[in-house]
Amino acid sequence: MSASREKRQRQGDPVAGLTQKQIQERKEAQIKKRNTVIYTVIGVIVAVLVVALLVWHSGFFQSRTTALTVDGRNYTPGEVAFYYNSAKQQNAYYLSMMGMYDTSKSAKEQYYDEAAGTTYYDYFMDNAKNQIVYTKTLADAAKEEGMTLSEDSQASVEAQIDSYKSQATQTGYPSLNSFLKAYFGPYMNQNVLRSCLEESYLANQYRQAHSDSLTYDDAALQSYYEENQNSLDTFEYRSMFFSGTAESTTDADGNTVEATEEEKTAAMEAAKEKADALLAQVEGGESFDNAANDLLGEEPNLTYDGQQSVLGSSLNSAISEWLTDSARKAGDVAVVDSTSGYYVVQFDNRFLDENDIGQADIRHILVKAEVAEGAEEPTDEAKEAAKEKAQSILDEFEAGDKTSESFAALANEYSEDPGSNTNGGLYEDVTENTSFFQGFLDWIFADGRKAGDTGLVENTQTDQWGWHVMYLDKVDNPQWKVTADNALRSADMSAWTEELTSGIEAVDGSGLKYVE
């Protein structure tokens, strides 16, 4: 080998010319450098994993997944939780009262239909999906027509959010968001809540606008009446019921002994015999009242209320078919059986009640009872003072010309109701379903009430203690027309909603598992 070639080999060999100690030190330095790089990389990876884990547990990723897709729009778990929780709250209390649902357990652990394998979670979620489809469809239609939230709807949204804030404070939660997470689930926050509320109110606002646009003339109402006379007519009749229930007994040990089949049959036969006897008396010329009252003296367990006047839709199901028979005429009498006994029934009359108030305009003057500072409610003396003032206002009205205009002037002068004390105390189109307290409605819709009637009604509601001076300003529609209008409107609204939402479905997404 030439000298030049040996020189090149020495120059290419990194350990050439080094001692064994130097060579070992170089190897150790290389290993240390390599380990430092490895540990640094591992540290970075661990740090990234820790951050990712923290973000995962914060719900950042889950909250942004798609729980449902409806007509091209993706809904997050928080948004679906809003509707799910609403559906659950609407149904769970009633179901728990019926003993069908345990509020202390998860809905996923309880069967709605065990044979079908359907849990209450499935039941509530199906309701939520239907509501999402309904809300989105109507809200989209509203936006397409340029409708925006009204001031009233905006105020309702704020009021509902304020209500949640109040609940958060009362239950000790440090913030509204922490309360919402506990109430709706971990992926709910104030922004999601507001968005859901605004869309819901817009949808309902659009629905109400369409409902208000529907009108039905007298011909349409009359046509509805002719198809539903049995439920809209008022029936006058007399009846007495003879129970055929066999009484249970008690044995020597105090245990209840149920009646035997023979005893049950005998009890029904005895009831039939008594009913037949009363029928024979009436058919023989005795008045129903006299025959029935004579029986009351003999059998104290019987009851008799004389002639009854009942709307067809409220008739006892056991006797309604007999009473509503189109062939029925005044004076007809018969024994009608039921599962627990026999009725003797006499048909007197049926008619369409044009005087039964269904909708009215009412004027009122609220006189509040004074509540002393620091007290929770007014004293009896304060309530009596409010009543005396209300009576004096009524006396002032009665001493004048007793017109709607004169009552309106008194309402503007004296009423403490901020909702009506600048428009003469007037509330229009009041029905029995209007959200007034029951005593107020009871006065308006009392039997025999007519336009121009006046009176006093006590208000016992919290923060509304006092007395109302009442004036029935106008009767707009009899009850049968209100019923017909509501039925026609309801049918048309259902058809309209079904057409809008037809073919639109909620498709499950991967994020649905994060709801409850």
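The model is predicted, so local features need pLDDT of at least 70 and side-chain atom pairs count only at pLDDT 80 or more, while totals for chains, interfaces and linings use all residues. Residues are numbered from 1 along each chain as its sequence is written, and side-chain values use heavy atoms, with hydrogens and water left out.

- Four strands form an open sheet in the order S8-S5-S10-S9 with antiparallel pairing, where strands (E, at least two residues) and helices (H or I, at least four) are DSSP runs numbered from the N terminus, and pairing requires at least two DSSP bridges between two strands.
- Strand S8 (308-311) and strand S9 (333-338) are the edge strands, each pairing on one side only.
- S9 pairs with strand S10 (residues 341-351) in the antiparallel sense over 6 bridges, and Asp337 has Tyr342 as its bridge partner in S10.
- Helix H11 (residues 288-298) lies across strand S5 (234-243), S9 and S10, running at about 30° to S5; contact means heavy atoms within 4.5 Å, and axes are lines fitted to C-alpha atoms, for helices over the stretch in contact, with angles from 0 to 180 degrees between N-to-C directions.

**Exposure of Tyr94**
- Tyr94, found in helix H3 (residues 77-97), counts as exposed because its relative accessibility is 53%, the classes being buried under 20% relative accessible area, exposed over 50% and partly exposed in between (1.4 Å probe, protein chains only).

**Surroundings of Lys264**
- Lys264 lies in helix H10 (residues 261-283) and is partly exposed, with a relative accessible area of 39%.
- Leaving aside residues up to four places away in sequence, Lys264 touches Gly244, Ala246 and Ala259.
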